[in-house]
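User: Hi! I'm new to this one, could you walk me through it?
Analyst: Happy to, here it is.

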Amino acid sequence: FPSHDKPDKTIDALYAFTDCEISISPNSCIIQNDRPIFMGVNEILKICTQNTLALLKKELEIRKSELEEDYFFASLEKIFILEEMYIPFKEYDNKPDLFAYLDKCFEPHKKLLFREIVESDFERLTQIPMIRITRFDSFAADEKMRKLNEQIAEIKHHLSTLVEFAIEYFKNLKKKYGKG
């Protein structure tokens, strides 16, 4: 029996030839590009962090694009109604002529828009219900556009400070789902 005055030898003797003697690799095996790869926790965290940043960036870009489209159409609608472009609609019996008329009417305003007006935009404008046109509130439209502009600016800021945004995103996840 091992001596009590030599604890290191005693511990070694207890672990000898048991499952406790088996060495364990701290590396994990992951599948990357359809191949198994062994890597440490730090490398896995780096890859996961880069993937998360890429996903958050993509989500922000999608949201920015949606907000810009909303702002664009709100601008078109405001110009369409305030300039009363809908009044001579009866004079046009087909869509190509009507859309050509609208394109001509929007010509002086095109430099204010962030993208070209396409046929689907004209289609959407011609389907605005008359009740919405008659109840149009320019102040409310301006307020909506101001809020959209603020949201776009906020998203642009998040895109320019993506790492800080990701940190806040994770903190908010913890606040939102952390209990329990």
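Analyst: Helices (H or I, at least four residues) and strands (E, at least two) are DSSP runs, numbered from the N terminus. This is a predicted model, where local features need pLDDT of at least 70, side-chain atom pairs count only at pLDDT 80 or more, and totals for chains, interfaces and linings use all residues. Residues are numbered from 1 along each chain as its sequence is written, and side-chain values use heavy atoms, leaving out hydrogens and water.

User: Thanks! Where is Ser75?
Analyst: Ser75 sits in helix H2.

User: Is Ser75 buried or exposed?
Analyst: Ser75 counts as buried because its relative accessibility is 9%. Buried means under 20% relative accessible area, exposed over 50%, and partly exposed in between (1.4 Å probe, protein chains only).

User: And what does Ser75 touch?
Analyst: Not counting residues up to four places away in sequence, Ser75 touches Leu113 and Met145. Contact means heavy atoms within 4.5 Å.

User: Which residues touch the most other members in the largest nonpolar core?
Analyst: Leu76, Phe80, Leu102, Phe106 and Leu125 do, out of 22 residues in that core. Such a core is a set of buried Ala, Val, Leu, Ile, Met, Phe, Trp, Tyr and Cys residues joined through side-chain atoms within 4.5 Å.

User: Which helix gives the most to this core?
Analyst: H2 does, with six residues.

User: Switching topic, how do strands E1 and E2 run?
Analyst: E1 (residues 28–32) and E2 (residues 35–39) run antiparallel, joined by five bridges. Two strands pair if DSSP finds at least two bridges between them. Gln32 stands opposite Arg35 in E2.
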